[in-house]
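Please walk through this structure with me, beginning with the surroundings of the ligand and ending with the chain as a whole.

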Amino acid sequence: MNNDILKVLYSKEEIDNACKSLGNEISKTYAGKTPVVVGVLKGAIFFMTDIVRAVDSYMQIDFIDVSSYHGATESSGTVELLQDINTNITGRDVLIVEDIVDTGRTLKFLLDTFADRGAKSIKVCTLLDKPAGRKVDVKSDFTGFKVPNEFVVGYGLDYDEKYRNLPYIGVLKPEIYANK
Ligand code: 5GP
Ligand code: MG
Ligand code: MG
C-alpha cells in the first residue's frame with residue numbers, strides 16, 4: 001500500500017501537531033459550554049478521535065454519514081444523507097468535524113440541515129481545506145492545512161474505499177488511477 005504513494009504531504013507528526021493546536025483553539029471557543037461534536041463518516045474518523053481528545057471541554061459526540069462522491073475522484077454535485085445523528089441538536093452548539101472541504105457542497109448540506117433543526121451555533125473544524133475546489137461559499141472556523149488542488153489519501157481519506165488506514169496524508173501515483 002505504501003508503494004502506491006507518490007509523495008507524503010503531511011506526516012503523522014505534522015498531523016498530531018495540527019490536532020494539538022486546533023484542540024487548544026476549540027477548547028477556548030467552547031469554555032463553559034457542552035457542544036455536540038459531529039464527525040462526518042467515514043473520512044473524518046481518525047481526525048475526529050484525535051481532535052476530541054485534544055479538546056479540554058465537556059462535549060457529546062455523534063456521527064453522520066453523507067456521500068457525494070460515489071467512488072470517483074470528482075464530486076457528483078448531490079449530497080445524500082446515509083446515516084443521521086441520534087442527538088437532538090435543537091438549541092445546542094454544534095461543531096462539525098470534517099476530513100476535507102473541497103467543493104463545499106457536503107458542508108453546505110450539513111450546515112443547512114443543522115440550521116433547519118434549530119442549532120444554537122454551528123462551527124466547522126476541518127483537517128484539510130482545498131480552497132481551489134470551492135463551488136459553494138462555505139468557510140471553516142478551525143482548519144488544519146490548506147491543500148493544493150490535488151486528490152489526497154490517507155488518515156481516513158480514501159480512493160475507492162482504500163488507503164484510509166495510511167497514518168499520513170499523501171498523493172497517489174498517477175498509475176493507480178490509470179489501472180482502475
Ligand atoms: P465536497 O462536498 O466539499 O466537494 O467534498 C467533501 C468530501 O469529498 C470530503 O469529505 C471527502 O470525502 C471527499 N473529498 C474531497 N476532496 C478529496 C480528496 O482530495 N481526497 C479524498 N480522498 N476525498 C476527497
Ligand atoms: Mg468528509
Ligand atoms: Mg471518499
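Ala, Val, Leu, Ile, Met, Phe, Trp, Tyr, Cys and Pro count here as nonpolar, Asp, Glu, Lys and Arg as charged, and the others, Gly among them, as polar. This is a predicted model, in which local features need pLDDT of at least 70 and side-chain atom pairs count only at pLDDT 80 or more, while totals for chains, interfaces and linings use all residues. Residues are numbered from 1 along each chain as its sequence is written, and chains are lettered from A and ligands numbered from 1 in the order in which they are written.

By that division, the shell around ligand 1 holds nine nonpolar, six polar and six charged residues. A residue is near the ligand if its C-beta atom, placed from the backbone, lies within 6 Å of it, and of the 21 residues around ligand 1, those that come nearest are D102, T103, R105, T106 and L157. Two or more residues of this shell come from each of β5 (93-101), α3 (105-116) and β8 (152-153), with β5 giving the most, namely four.

These elements belong to a protein chain with four helices and nine strands, where helices (H or I, at least four residues) and strands (E, at least two) are DSSP runs numbered from the N terminus. Their order from the N terminus is β-α-β-α-β-β-β-α-β-β-β-β-α.

As for overall dimensions, the C-alpha atoms of the protein chain fill a box of roughly 50 × 35 × 25 Å along the principal axes.
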